[in-house]
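The sequence and the structure are shown first.

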Amino acid sequence: MSSDPLRRRRSTHAALAAHGEAWVWLTGGCLALAMAMIIGLLGYIVSEGVATFWPRPIELVELTDGRKVLGEETGRDKAPDGTGRRLIRTANFELTGKHFEWFADGDVTATTRPAEATVVERLEGGRFQGFPTRLLHGDEVVAAGGEEAWRGFREHHPDVRRRWREAWRIDKGDRGELQRKLRAARLAVVRAGLATGADSPAAVAATAAEKVVATEVEAQERRLDERTAELRAGNEGWGLEFTTASGETVVLPLADIVRAWQPNKLSFQERLGVYASRWGEFLGDDPREANSAGGVFPAIWGTIAMTLIMALLVAPFGVLAALYLREYASRGPMTAAVRIAINNLAGVPSIVYGAFGLGFFCYVLGGSIDELLFRPALVADGQPTFGTGGLLWASLTLALLTLPVVIVATEEALSAVPNSMREGSYACGASKWQTIRRIVLPRALPGIMTGLILAMARGAGEVAPLMLVGVKKLALDLPIDGTFPFVHPEREFMHLAYLIYDVGFQSPNSQAAKPMVFTITFLLVAIIALLNVAAIWIRGRLRRRYVSQQF
Amino acid sequence: MSTSPSPADPRQPPPPAAPATDRLAVVAAGGQVEPEVHERVRQTPAVLEIDRFNLWYGTKQALHSITMPIPHGKVTALIGPSGCGKSTLLRSVNRLNDLVPSVRITGEMRLNGDPIYDQRMDVIELRKRMGMVFQRPNPFPMSIYENVVYALRIDGESRRAVLDEVCERSLRGAALWDEVKDRLGESALGLSGGQQQRLCIARAIAAEPEVLLLDEPCSALDPIATGKIEDLIQELRGLYSVLIVTHNMQQASRSSDYTAFMYLGRLIEYGPTTDIFTKPVLRETEAYVTGRFG
């Protein structure tokens, strides 16, 4: 064999690997896989989340043993023995003790969709399903017969609902206001007692003032009592009588009915109406039935407020830290170590931040604030003000959690600013700070915004630390509302991501809550996407302004 | 300058035996040579005096005992092959090299008599007395207007009338006014490369500098933009004292009054441009300017 390189036979084609074709397929395939997973997940969430409130037809199922069941089919699968079975939302918990029931296909003799079948959403007890028979007001029968009763219900229900709402608003808002007034007066007494002694003139005066307030509040309470009694009396006696599929007769008080519809009879427009009304309740109302029904408004509010406060806290802090690290600190092993430490901080489990937040922010910082500023409250009823979880501490904890993201992104943005710009500025006689403020920071701003976007997305979806530092299952008092001083950073709040956990895994009626979980997830993803789009839009404007083509 | 650089550094081994005229070989071997400074240079009043200036990057010496006066109101070109220390010398004048941590210097420079490297010299104030233009255009990420008046802004000037007047005067001085007068508020980053470089010149002359430092201002530009900048340098002649680093022999011969030839951190020959390009004293200079070496 000749080893003469000149005589070596040349292949007419380069090797496959040399062409690089294989790498195109490999890289493209990886991207396609990633895209498929992301789009699949998002698509699933969106399709499930959007469908939750759509009123679906309801079926009357007749069984071989003679039972009749009315319900919405929510699932189908194979029983362990291989026969088909279906899951029916039978509702009427107070009669059957179940919300859902499985039926084997073999046991079903007939399914029909009766037009009069009605679905009722109630304040408590879950859904009710049946056929309306009579509309009652006290002993009087206002309307008899399925259609008349239904028409009568549609006529009278809005008034009943309006009265119920007004009573509810008085109970929640006005009475709360009075209680707060009373508490403030009581705290004034305690404060005076603490400051000058229990027998001092100031304390005596405060006690007298409290008495005045107490009588005033009592009078007002009586007025409210009268008003709510009047409202309730207006609702008293209104009831809609139903016959269930199994033949029982049940009267539902109209005041307990949130909404009712006859799904088999609805036109498309009416269907849309029910859909919109349920979305409206979801977005704008308080939750009921252990969060598994009703709205999530407090959670939306809490999520947005917490994310924005977190961004406001982390942005200046992270940017200043990165500025020192990149612009002022001298390069050396120390800076390198600090940088590595910051990067590692991003890998600490978030529950550790939660524990830190609880231990340091809530107990140490909050405890000290209580001692210094809110001692009367502590003495009066042993209740901490800042010394427990709350919006401020949750935002601070998440700011700490997302700090590494912001620092790293800012550092990268700063190092991407061309050195020639810095030198140009120095050559004009600018000091270091002037150069940073007028040249480096504006130019790095789009990159810093990228970091902030990442931080917000991470923070808004975090659950574990929040459970420790202020997120609650139910907190109807919003952290920002119309009561002086309007912002209440010490209040506990609700959060969508925690709600997913709570509704999905802590709910007593988890089957019924499942669609809610999808809708809440959809909402959370939509809110994060919205915040991101807003930030990206701002970044685009900054980029057009400060970072343009360098010829 | 009459001060003569120290002869051969005693720590260095004696220069190897080479023809007495082959100074470049001596320099390449690490030896010292006496620079050939023409008499006419010494007679002109100097705006900037460089006096036995040495500079080290870490342990590597980049400038060896440079002694040269920069004439007042004239254009002085620094020429020489890459790495000969032209840019380093230029950046030493406004102490931009201070930003490099490993730099160490000895010797002195004086701007109109004020020692540049004196302890009491405020480097920020010093840089305000000079303007500098870099190899690549480096407009700031702001409007054309704000770019020009940047030096005044950082000085705290905010009277609109003053800023407007300086902006127009500087842009006219940089032959850019007519092209941008209708879009002063637009981002400077939208200008072409040549326009950006003239904007940088306008920025450099906005604060009425005592010396204008140009570091290969045309090396990143196309021939037409280069021509405009060269015309501009012609117009700046007499108004400002200009020190320009260039790789381009034609540029040096066309636009400068004095030319200094540097090699490996040493000044080799320094004289009026016409003399350097037509009848240089040293063979080595002639070889370089005619393109036979470098």
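**Domains of chain A**

In chain A, the domain assignment gives domain 1 as residues 137–258 and domain 2 as residues 297–546. The model is a predicted one. Taken over C-alpha atoms, the centres of domain 1 of chain A and domain 2 of chain A are separated by 39 Å. Contact between the two involves 5 residues of domain 1 of chain A and 5 residues of domain 2 of chain A. On the side of domain 1 of chain A that touches domain 2 of chain A, the residues comprise 3 nonpolar and 2 charged, with no polar ones.

**Helix packing in chain A**

Two packed helices are described by the angle between their axes and the distance between the axes. For helix H7 (residues 297–328) of chain A and helix H11 (residues 391–415) of chain A, the angle is about 40° and the axes lie 6 Å apart. The crossing formed by H7(A) and H11(A) is right-handed. Divided by class, the contact of H7(A) with H11(A) consists of 21 nonpolar, 5 polar and 3 charged residues.

**Sheets of chains A and B**

Chain A holds an open sheet of 5 strands, ordered S4-S3-S2-S1-S5, in which the pairing is antiparallel. Its edges are strand S4 (101–104) and strand S5 (108–112) of chain A; each has a single partner strand, so one side of each is left without a neighbour in the sheet. On average, and with direction ignored, neighbouring strands of this sheet are turned by 45° against each other. Within the antiparallel pair of strand S1 (residues 59–63) of chain A and S5(A), there are 4 bridges. One residue position can be traced across this pair: Val61(A) has Thr111(A) in S5(A) as its bridge partner.

Chain B contains an open sheet of 4 strands in the order S3-S2-S5-S6, with antiparallel pairing. Strand S3 (60–71) and strand S6 (114–115) of chain B are the edge strands, each pairing on one side only. Strand S2 (residues 46–57) of chain B runs antiparallel to S3(B), and 8 bridges join them. Opposite Ala46(B) stands Pro71(B), in S3(B).

| Strand pair | Direction | Bridges |
|---|---|---|
| S1(A) and S5(A) | antiparallel | 4 bridges |
| S2(B) and S3(B) | antiparallel | 8 bridges |

Methods:
Residues numbered from 1 in each chain as written. Chains lettered and ligands numbered in written order. Predicted model: local features only at pLDDT ≥ 70, side-chain atom pairs only at ≥ 80, totals over all residues. Domains from an automatic or database assignment. Contact = placed C-beta atoms within 7 Å. Nonpolar A, V, L, I, M, F, W, Y, C, P; charged D, E, K, R; others polar. Pairing = 2+ DSSP bridges. Helix = DSSP H or I, 4+ residues; strand = E, 2+ residues; numbered from the N terminus. Axes fitted to C-alpha atoms, helices over the stretch in contact; angles between N-to-C directions. Left-handed = near helix turned anticlockwise from the far one by under 90°.
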